[in-house]
Amino acid sequence: MLCVEYSPFFEHRIACASAANFGIVGNGRLWIFNTAAPGPANPDAAVERTYDTQDGLFDIAWSEVHENQLVTSSGDGSIKLWDLSLADFPIRNWSEHAREVFSVNWNLVGKDTFLSASWDHSIKLWSPESETSLSTWQDHTHCVYQATWSPTSATAFASASGDGTVRTWDARAPRASTVLRAHDGEVLALDWNKYDPAVLVSGSVDRSVRAWDLRRPDRPLAIVGTHGYAVRRLRCSPHSRAVVASVGYDMTARFWDLDAAAAAAGGPPPPPLHVHDLHTEFVLGVDLNMFVPGR
């Protein structure tokens, strides 16, 4: 599995994206699980639906308007819109990106658009109702691994790239509004703090998780913590301003205290709140349930 995301409508519904051979080559599959109805084959969740694709799936974003719809991004450069009330095929397919699409993210405030980020160095804005993209941004000089909407603004978003930067944007403007020289290596992951719209958290192949305050973009707010290998994905808690979850290629999921890290700024970062180390392969996806704290 390369990505996991809880439904914004149902606390028990989870979507997962998978790809054969870690997405290098082979088919993909979209999985829909129901944790409220476990089955004999899986005591933790029942499989509600699966959809097969010709190339690996890298990311998922649930619609914020339609409870049965979600988009996926793929290794063949395509983006697909699915409706769970229908079998077999997506209801829309877009193929504007020239390379792998590593990220899709639905607008939490405006609710009518979503972003995609690609290895072709571009970010695109989409509407489910349009056959073509609405806008394209190309400031980054390397693969764009993630583009994520602000949880408090319908026009603000941030992006993470292999060029070592995190950039913030206004969707109404053609160029980035802020450029953070965030890490010494490729930046693979980022998320917005759900309680402070000026705070972002980023993760990199340099193994570190860093927090940033956009009011002071010249230096990190804190080195939140480190993994044994590259950090692949991050989530800020929807229930706590201080809690951040990260996963990486060291096969662990780690939970951090942002306040403790900020208090220790200038010194070694504090230890994680918790380390989950039961995975036996790379941990590439993480999400936190907005309905149930601690899940």
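Student: Let's start with Arg254: does this residue count as buried or exposed, and why?

Tutor: Keep in mind that this is a predicted model. Arg254 counts as buried, because its relative accessibility is 17% and the cut-off for buried is under 20%. The residue belongs to strand 23, which covers residues 253-257. One is the side chain of Thr252, in a polar contact of 2.9 Å; another is the side chain of Asp250, where the polar contact is 3.4 Å. Leaving out residues up to four places away in sequence, Arg254 also touches Thr226, His227 and Gly228, then Val244, Ala245 and Ser246, and finally Pro272, His274 and Val275.

Now for some other parts of the chain, starting with strand 10. Strand 10 runs antiparallel to strand 9 (residues 101-106), with 5 bridges joining them; Val104 has Ser116 of strand 10 as its bridge partner. Strand 10 also pairs with strand 11 (residues 123-126), again in the antiparallel sense, over 4 bridges. There, Phe114 stands opposite Trp126 of strand 11. The hairpin of strand 10 and strand 11 has 4 residues between the strands, and His121 in this hairpin takes a positive phi near 80°.

Trp126 leads us on to the rings. The structure holds 15 aromatic pairs. One of them is Trp94 with Trp126: the ring centres are 5.6 Å apart and the planes meet at 50°, so the pair is tilted. Trp94 sits in strand 8 (residues 92-94) and Trp126 in strand 11, so this pair ties together parts that are 32 residues apart in sequence. Trp94 counts as buried at 2% relative accessibility, and Trp126 counts as buried at 0%.

Phe102 and Tyr145 form an edge-to-face pair, 5.4 Å centre to centre with 70° between the planes. Phe102 is in strand 9 and Tyr145 in strand 13 (residues 144-149), so the pair ties together parts that are 43 residues apart in sequence. As for cover, Phe102 is buried at 12% relative accessibility, and Tyr145 is buried with a relative accessible area of 10%. Ring pairs also link these two with Phe58 and Trp119 into a cluster. Elsewhere, an arginine meets a ring: the charged end of Arg29 sits over the ring of Trp31, 5.1 Å from its centre.

Finally, a couple of backbone details. Most residues other than glycine have a negative phi. Asp88 is not a glycine, yet has a positive phi of about 80°. You'll find Asp88 in the loop between strand 7 (79-83) and strand 8, and this residue is exposed, with a relative accessible area of 54%. Arg207 also has a positive phi, near 80°, and is a residue other than glycine. Arg207 lies in the loop between strand 18 (199-204) and strand 19 (208-213), and is partly exposed, with a relative accessible area of 39%.

Methods: Residues numbered from 1 in each chain as written. Heavy atoms only, no water. Helix = DSSP H or I, 4+ residues; strand = E, 2+ residues; numbered from the N terminus. Buried < 20%, exposed > 50% of the residue type's maximum accessible area, 1.4 Å probe, protein only. Polar contact = N/O pair within 3.5 Å; in protein donor to acceptor, adjacent residues only side chain to side chain. Contact = heavy atoms within 4.5 Å. Pairing = 2+ DSSP bridges. Phe/Tyr/Trp six-rings, centres within 6.5 Å; stacked < 30°, edge-to-face > 60°. Lys NZ or Arg CZ within 6 Å of the ring centre and 35° of its normal.
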